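Q: Could you walk me through this model while I look at it? I'll ask as I go and jump between topics.

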Amino acid sequence: MIQPQRSGRAAAPVRSDYARTTRDVHVSVRSFFLADQSQPDENHFVWAYRVKIENQGAEPIQLLRRTWQITDARGRTQHVHGAGVVGEQPLLEPGESFEYTSGTPLDTPSGFMVGAYHMQVPSSGENFDVAIPAFSLDSPHQTGRVH
């Protein structure tokens, strides 16, 4: 399910439901409920999410770490920290983008995620954070769309 992909300036834009730009780094996210991997009768719900990170700035940047906050329908929040994304710490030249797909399970039929990518400008060693927009995890098993 995890599929990293690089693209240059000529890449077609991916339609996304959620997007945010921080310091010339554009992050767009789209989530998908995975009915075939979910077991609603056992309170097991699974989503995939596709992220595109675009360097719209003038200098190369590298994604070093990520931080996620995953909140379920009961308001319980799980914090996830780790190096890179999908086992990579992509270096993005100006105009380049990096896309990957990952996923998350919850024991409720809805929730949401928000986070940050911890980046570095290799030429100066400057570190900065890029916001990942909050995005909802909705399924047909919720009692109403709340996100």
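Q: Is Phe-135 buried or exposed?
A: Phe-135 is buried, with a relative accessible area of 1%, where buried means under 20% relative accessible area, exposed over 50% and partly exposed in between, computed with a 1.4 Å probe on protein chains only. Please keep in mind that this is a predicted model, in which local features need pLDDT of at least 70 and side-chain atom pairs count only at pLDDT 80 or more, while totals for chains, interfaces and linings use all residues. Residues are numbered from 1 along each chain as its sequence is written, and side-chain values use heavy atoms, with hydrogens and water left out.

Q: What does Phe-135 form with Tyr-18?
A: Tyr-18 and Phe-135 form a tilted aromatic pair, at 6.3 Å centre to centre and with 45° between the planes. Rings of Phe, Tyr and Trp (the six-membered ring of Trp) pair if their centres lie within 6.5 Å, and planes under 30 degrees apart count as stacked, over 60 as edge-to-face and the rest as tilted.

Q: And where do Tyr-18 and Phe-135 lie?
A: Tyr-18 lies in strand E2 (residues 18–22) and Phe-135 in strand E10 (residues 126–138), so the pair ties together parts that are 117 residues apart in sequence. Strands here are DSSP runs of E with at least two residues, helices are runs of H or I with at least four, and both are numbered from the N terminus. Tyr-18, for its part, is partly exposed at a relative accessible area of 21%.

Q: How many aromatic pairs does the count come to?
A: The count comes to seven aromatic pairs, and Tyr-18, Tyr-49, Trp-68, Tyr-117 and Phe-135 form one aromatic cluster.

Q: Changing topic, what about the largest pocket, how many residues line it?
A: The largest pocket is lined by 14 residues, of which Tyr-49, Arg-66, Trp-68, Ser-102 and Gly-103 lie nearest its centre. Two or more lining residues come from each of strand E5 (61–72), strand E6 (77–83) and strand E8 (97–106). The volume of this pocket is about 180 Å³, taken as the space filled by probe spheres set on grid points that are joined across faces, edges and corners. On a 1 Å grid over the protein atoms alone, with a 1.4 Å probe, a pocket is an open set of points with protein on both sides within 12 Å along at least five of seven lines, and lining residues have an atom within 4 Å of a point.

Q: Which element gives the most to that lining?
A: That is E8, which gives four residues to the lining. Eight of the 10 residues of E8 are buried, so this strand is largely enclosed by the rest of the structure. E8 also pairs with strand E4 (residues 45–55) in the antiparallel sense over 10 bridges, a pairing being called if DSSP finds at least two bridges between two strands. Within E8, Ser-97 is the bridge partner of Glu-54.

Q: What is the lining like by class?
A: It has nine nonpolar, four polar and one charged residues.

Q: E5 came up too; which strands does E5 pair with?
A: E5 runs antiparallel to E9, to which it is joined by 10 bridges, and there Ala-116 is the bridge partner of Thr-67. E5 also pairs with E6 in the antiparallel sense over seven bridges, with Gln-69 standing opposite His-79, and with strand E7 (residues 91–92), again antiparallel, over two bridges. E5 and E6 form a hairpin with four residues between them, and Gly-75 in the turn has a positive phi of about 90°.

Q: Last one, how many helices and strands does the protein have?
A: The protein has zero helices and 10 strands, and 43% of its 147 residues count as buried.

How values were computed: Nonpolar A, V, L, I, M, F, W, Y, C, P; charged D, E, K, R; others polar.
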